[in-house]
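Biologist: Please take one close look at the place where the two copies meet. Walk me through that part step by step.

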There are 2 protein chains.
Amino acid sequence: MDSVTLKEEQSRPARSTQHFFDMLRHYRELVLARICELVPRNRYQRTLYGPMLEYPMREGKGFRPALCLAMCQACGGRMEEALDTAAAIEMFHNAFLIHDDIEDESESRRGFPTLHHQYGIAIATNVGDGLNMLAMRTLLGNTRTLGLERALMLIFEIERMARESTEGQSIELDWVRFNRAGVTVREYLRMSCKKTCWYTCIAPLRTGALIANVRPAELAAINAFGFKTGAAFQIQDDVLNLTAEMALYGKEIGGDIAEGKRTVIVVHLIAHAKPADRRRILDIYGRRRTDKSADDVAFVLACMRRYGSIRFASDLARRLTDSAARTFAQRFAWLPPSPYRRFLEEMIDYMIERQL
Amino acid sequence: MDSVTLKEEQSRPARSTQHFFDMLRHYRELVLARICELVPRNRYQRTLYGPMLEYPMREGKGFRPALCLAMCQACGGRMEEALDTAAAIEMFHNAFLIHDDIEDESESRRGFPTLHHQYGIAIATNVGDGLNMLAMRTLLGNTRTLGLERALMLIFEIERMARESTEGQSIELDWVRFNRAGVTVREYLRMSCKKTCWYTCIAPLRTGALIANVRPAELAAINAFGFKTGAAFQIQDDVLNLTAEMALYGKEIGGDIAEGKRTVIVVHLIAHAKPADRRRILDIYGRRRTDKSADDVAFVLACMRRYGSIRFASDLARRLTDSAARTFAQRFAWLPPSPYRRFLEEMIDYMIERQL
């Protein structure tokens, strides 16, 4: 392997507990209730504000806003001060999902048809735009509760998050467009850090800490921790896409292969497949979704199993969470014991133990 | 007619002059140069920041940022203070065009293929998102040059603009989705005010005035003036879509009919067509774009001519600009004479005289 210095050592025993899931559900309920308050109820209900609540109301994990709230509380901040920012983060995420489903031509999301399958592309695009704007408006509302400076700092954080995501997305789209063959694991992790980690972990954790007035010096540790947990989260997601049961996972199984997504599994496969297999795999990845047969997808999946690419990804996710646990132990020693600190620590193992 | 109190009186003589076009070009060059500075040049060039400059570099009118700059200068503000906000407005507009072209499945924009025809839907959507974010980042940069409070006020203005646009868009999408037959001209103008006027005229003028520290009391007049000029602009656009020459206009002629767009021309036509024609028109408008034949489009176009709907729209645009001229004379008397004031006054006639 050509990248990341992750020590090979005995894996820690699994540690995500009932306490973690109880807190996750508690945070999710708080955030969902706040989102329902923030979405206007008026004459634009039928084609704008109604559909805005569609994805949030489906059984999502609510993981990102929970990170923001837990980090704020772990750092001694009040939950109420972070609630609107957490709600905004969840709204940005759902807006992203709406647009992403259109881009990827996905058919189902959280067990139901995607928004553009329900309402058409035009309405779904507009609902996504509207949800983005409502999230921004919610952040602007922080000026009244947190003061001008802290509110602006949070808007800067979210702008950074959105920029990282867009740039990360553009890296992957570039690989797909030019059907790049020689992507390394290091390049993959760099892309994943920008595309996924920033908005799944780093920004939620940073905003939570900033609301609690944590000193900027502590933020560097958050970036490292957020990268490792976020990358593990993404890789586990990619593994589940190939191995999970449809009913549990809520997305199309193997959909990533049809879509041509450049997961670390594909990166490993292309690097390790024998020349003949490699040619056929690259040929399949070079085609459009509509030009890929079920046989093509089955062939790629069989290769991923045969060359140990799925196993490689699972191992990598485990090494990332082990490394995240060390980062947490070493660089978050200043966080006093609390249920919130415990939630953050238990979250590490949840990244790779979750089945949906 | 069931709406807007627009006095029927002798039309004023046309007044847009070389001075107007010279200033428009001057502003356009300034804004384009600033946008080129603001768009990063780095490793994300090929699929993100390069395509971002595609639409701005094509021959657009640069009308919206010009309104912001001229209003700021007319109110005694410095051009330099408004330049970034004007550039942000133009970036938001181009991001909107990118997403709108995807939603509408448009094929050409400003005489060249639309961005998603060049790069595919996924890259184009991401470029639009990135451009929106870069515009927001540019507004955040105002904190350094204009101070926290004025910068935040401008962000609130842009959030309002985006909200109005999204809600206006949702009204029209609702009409299309449910193939609504009984839309009135009043309802049309209300939709147009939200969908078009806010972001074409009202927000550019308001932000320009706010940068120049104009008192909030003066902003109400700007809203009225911006509504009238913006609605005239939109209606002229809809007329041109049916009558202009392809080479000059740069979009598909009659594309609005194929797309099912609810222009004021369609509103008039449905209200005035004989029952048999009306049924056929509604049937055509109830179908998807792909299910409309060239004959269908030709039939609707012939009806629009026969029932005087295009003429009605042209007349309405003229009455709106006449009314805008009165608003300007009465409620902008406090603006001292200057080339910038003259630009704003001449802009009124440009709304209906322009051929592209």
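Modeller: Start at the rotation axis. Of the residues of chain A, A:Leu148 comes closest to this axis, with its C-alpha at 3.7 Å. The model is a predicted one. What does the axis do? A rotation of 180° about it superposes chain A on chain B, with 0.0 Å of shift along the axis and an RMSD of 0.0 Å. That is the relation of a two-fold axis.

Now look at the surfaces that meet. Of the interface residues of chain A, 100% are also interface residues in chain B, so the copies meet through the same surface.

Next, go to helix α2 of chain A, residues 45-52. Which of its residues are buried? They are A:Thr47, A:Leu48, A:Tyr49, A:Pro51 and A:Met52.

B:Ser170 sits in α8 of chain B. Is B:Ser170 buried or exposed? Its relative accessible area is 1%. The cut-off for buried is under 20%, so B:Ser170 counts as buried.

What does B:Ser170 touch? Leaving out residues up to four places away in sequence, B:Ser170 touches A:Tyr44, A:Thr47, A:Leu48 and A:Asn126. Two of these names, A:Thr47 and A:Leu48, you have met already as buried residues of α2 in chain A. The side chain of B:Ser170 also reaches within its own chain: the backbone oxygen of B:Glu167 is at 2.9 Å.

Technical notes
Residues are numbered from 1 along each chain as its sequence is written. Chains are lettered from A and ligands numbered from 1 in the order in which they are written. This is a predicted model: local features need pLDDT of at least 70, side-chain atom pairs count only at pLDDT 80 or more; totals for chains, interfaces and linings use all residues. Side-chain values use heavy atoms; hydrogens and water are left out. Copies are superposed by least squares on the C-alpha atoms of residues with pLDDT of at least 70 in both. Contact means heavy atoms within 4.5 Å. Buried means under 20% relative accessible area, exposed over 50%, partly exposed in between (1.4 Å probe, protein chains only). Helices (H or I, at least four residues) and strands (E, at least two) are DSSP runs, numbered from the N terminus. A polar contact is a pair of N or O atoms within 3.5 Å; within protein, one must be able to donate a hydrogen and the other to accept it, and residues adjacent in sequence count only if both atoms are side-chain atoms.
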